[in-house]
Amino acid sequence: MKTILSLVFIVFACATAVAADEKIDLAGTWAFKIDPHDVGIAAKWFQSALDERIHLPGSMTTNGKGFDVDIHTPWMGSIVDSAWFTSPAMAKFRRPGNLKIPYWLQPVKYYAGAAWYQKTITVDESWKGGFIELFLERCHWETRIWVDGTEQGMRNALGAPHVYDLSNVLTTGRHVLTIRVDNRMKEINVGPNSHSVSDHTQSNWNGIVGKIELRKSPYVSIQDVRVYPNISEKRVRLQVMLRNNSGTHVQAKLRFTARLLQQGKHEKLLPRSVDVTVEKNGQFFDVEYPMGETPELWDEFNPHLYTMRVELTGTGLGDDVRDVLFGMRDVRTEGTRILVNNKPVFLRGTLECAIFPLTGFPPTDTSAWMRIFRIARAHGLNHIRFHSWCPPEAAFIAADRAGMYLQIECSSWANQGATIGDGEPLDEFVIDESERIVANYGNHPSFCLMLYGNEPKGQNHKKWLSGFITHWKSKDPRRLYTGGAGWPILSESDFNSTPDPRIQGWGQGLHSIINGAPPRTDYDWSGTIAKWSNPTISHEIGQWCVYPDFREIKQYTGVLKPKNFELFRESLEQNHMSRLAGKFLMASGKLQALCYKADIEAALRTPGFAGFQLLDLHDFPGQGTALVGVLNAFWREKGYISPSEYRKFCNSTVPLVRMPKMVYSSDDTLNVSVEIAHFGPAQLTGVVPRWKLVDAKRHIACGGTLMQTDIPIGNGLKLGEISQSLRGIPTPQKLTLVVSAGKYENTWDIWVYPSIVPDAGHNVFITQELNDTAVTILKNGGNVLLTVKPGSVLPEKGGTIEVGFSSIFWNTSWTQGQPPHTLGILCDPAHQALADFPTEYHSNWQWHDAMSHSSAIVLSDFPRELTPIVRVIDDWFTNRPLALIFEANVGRGKLLVSGIDLLSDADHRPEARQLLYSLKKYMSGNSFAPHTTVALEQLQGLFR
């Protein structure tokens, strides 16, 4: 029977005969079979030839295998908003042939279950003896292995390679290797939203990527090398694990040689050798290695890297060698600061949530990760958090080279659908996963922070996470540890991860700092973090949305398709606004960037703060489509802010100001406290800070210098005060405050309005309702300005649309309609109605008051040619034509409707006074000539 099976395999299985070497590359064509009914084990498919073909490395999806997506597809990921399944408006997107899911990117094929991969391999005579291992770099996720029909074990790592010892079965000659990959969530439930497995981001793929190879090493060989730098003593401690399969103890020699990888003059390090006796079952050895008088240290500014060559000789059974990449780096805490090599750092981070639309799985090549880190560094970041997953080794190598500090998480988000610490199999899995991650990647200097995963849940999660932290702090001091991203705060933690320090939190809606109070820059998070004595990193700040860029659709040339974007684009077309898509993108993008600037600067202003983690620098394509990035899902720019502009407020050194307000009257004095956050490589000496106010044409209105100073590393560092009378500003205008400190510059827009508003004419009737007087005036050919009272617009006409200043937070679908529901304004700044209310085409701080006192008005039932003076950009899920200010001919008269209440408490609202003046002046002149006629009854139908 065995002979017959061997012949069958020779004929049908994909065979690879490879010459003798230390590695056999198994990439290429494999035999394949899908197992949707999970019958393969019982039917002993491992003893049969599989009749399909597939290419590895890759996934079923990259090979076009699996099922078509339909409404019954068993997605991996929570669905918070189920409207797509039930809404009549979405019915056409549920039909076969037109299926478009709004929750995440849609794969071309989908499969969840077991799949079988098979290859015939030939082991050369020279491979006889020693260890032979099968190395599978990244699997998704559970694998089981058979060699010649005999099972060899199971692995279920998500964040580390699957490695099998096949020394006893891969004898010289031909063998059939069968691998069963299962991507279902089974006993080990890491949480369906974990980015290690979820369809929200990378997709729930089935396959094997990265290196797929057999590796041979001698009977006595190097199993593991761990490098523990000690920068104060200028040495490293090497922990070497030797394995011995010879059956007896063996005498050997270990030789260590460190070499700096960077070019240039540097101290040459001498080798060190030690004689060892390796016991039968293997043995650990601790060895000290001096790094010379002037070892080069690794950090974000000087990412110096060393290799340690470890050679094992003298066994008589063959020599072995291992090259280990490492850096002389120390990370620790001191009070509320994180120190790298004894210098304070400020972590300026973003998340990477396994977002790879072309493949649906993470890259395993260094160049792809170098590109990502270069882009992040170009935007002033020095830190990446891997949300509920661990990347392949290529990411660590690239981060080492780029000087990027990494936060790694052990593949779990135990919250919706899972818990941690309650005795489930996940508890053991996370411990094992953390051990695997550290064993594989722990030498990389970029690996600075480690957590169990994201936002944990469970009756006993605090106790369990405390034990997790204590275990790793005692075992491996090379990085910092905390329990979970977001919470809980535990006394055992090296640092806190909390969402408290940010300008908009989940559930705050219109009551957050950015939406609920007039704009200012004089706040920070000192009061928030004062209760903790250890460093605090703010969790997932930002989450500011932008309108979809439909031009991006053509970039999705791989396995994940933006059917969500197609759905949103069709909705915009149905509302006759396709021509505005690009303008919606740019205007909402400018507001998004402004919101991020406010968020980041608040963190930088906070003395003793440890850093922030954005959600996100690039778009998050899942969870209802969260377009929160100034970059798209491919890390490409969208066109409304450049990396150099972003770096002005997000960098190692950033000038900052504390202003009590952003809008002034001409009789005010601009009082500004100037400070700086400086976390560069060294103190800045002899700096002369400068400031100036410039107008829209870049003409300098005034300026000056502050006292020359030396700037140490830190933040909350005072540079001086600006006190400037604004009486010389004769007309309403935007001014830009520019502050520089050496080569670093930052800017803030302010607005100055006349303290006394002149008369704009008496031929405009101002009202807050279309009462009999207003109707009579319109019928008689007069001019009426309707400034709408809050709450007077009917729900179906926009009354339920909650307008705020900021853009949408995360998205309305996944936050159950958390306000604001809009993405700022779009207007023509040259329109005469705005001539005395200076504005760009997008929201800026002078619109905060208007948006805080406004109602959006739905124009769906009005003539299409009615073009609002000021639009409100709607949520892309609804794409309603919304107006903030519009004009129309009504009867013989002319009407201008302001969804902004311009009258209430006007004495304390300089923006409202100025906008009212600008509208009245426009309406009093010859330019007031609406192009569209609207029936009075239609207008009256807008209001309660």
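Predicted model: local features only at pLDDT ≥ 70, side-chain atom pairs only at ≥ 80, totals over all residues.
Helix H3 gives way to Gly380, a residue with a positive phi near 85°.

- Helix H3 covers residues 366–378, and its 13 residues should span 18 Å at 1.5 Å a residue; the end C-alpha atoms are 18 Å apart, so expectation and model agree.
- Which residues of H3 are buried? They are Thr366, Trp369, Met370, Ile372, Phe373, Ile375 and Ala376.

**The chain as a whole**

- The secondary structure amounts to 15 helices and 50 strands.
- How does the overall size compare with the globule rule? The radius of gyration is 32 Å, close to the 30 Å that the rule gives for 944 residues, so the chain is as compact as a globular protein of that length.
- Along the principal axes, the C-alpha trace extends about 105 × 70 × 50 Å.
- Buried residues make up 61% of the 944 in the chain.
- If you count contacts with a separation of 6 or more, 73% of them join residues 24 or more positions apart.
- The accessible surface is about 34700 Å², and carbon and sulfur atoms contribute 50% of it.

**Cis peptide bonds**

- The bond from Leu56 to Pro57 is cis, with omega near 5°.
- Pro57 sits in the loop that links strand E4 (52–56) and strand E5 (58–59).
- Another cis bond runs from Trp487 to Pro488, where omega is near -5°.
- Pro488 belongs to the loop between strand E29 (484–485) and strand E30 (496–498).

- Gln543 is not a glycine, yet its phi is positive at about 65°.
- Its location is the loop between strand E31 (536–541) and strand E32 (560–561).
- Is Gln543 buried or exposed? With 0% relative accessibility, Gln543 counts as buried.
- Gln816 is another residue other than glycine with a positive phi, in this case near 55°.
- Gln816 lies in the loop between strand E45 (783–787) and strand E46 (822–827).
- Gln816 has a relative accessible area of 69% and is therefore exposed, the cut-off being over 50%.

**Thr822 in strand E46**

- Thr822 is part of strand E46, and its relative accessibility of 0% makes it buried.
- What does Thr822 touch beyond its neighbours within four places in sequence? Its contacts include Ile801, Glu802, Val803, Gly804, Ser806, Ser807 and Ile808.
- Further along the sequence, Val872, Ile873 and Leu882 are in contact with Thr822 too.
- One of these partners, Val803, is 19 residues from Thr822 along the chain, and the two C-alpha atoms are 6.0 Å apart.

Definitions and conventions
Residues numbered from 1 in each chain as written. Heavy atoms only, no water. Helix = DSSP H or I, 4+ residues; strand = E, 2+ residues; numbered from the N terminus. Rg over C-alpha atoms; globule rule 2.2 N^0.38 Å. Buried < 20%, exposed > 50% of the residue type's maximum accessible area, 1.4 Å probe, protein only. Contact = heavy atoms within 4.5 Å. Areas by Shrake-Rupley, 256 points an atom, 1.4 Å probe, with all protein chains shown as cover. Expected span 1.5 Å × (residues − 1).
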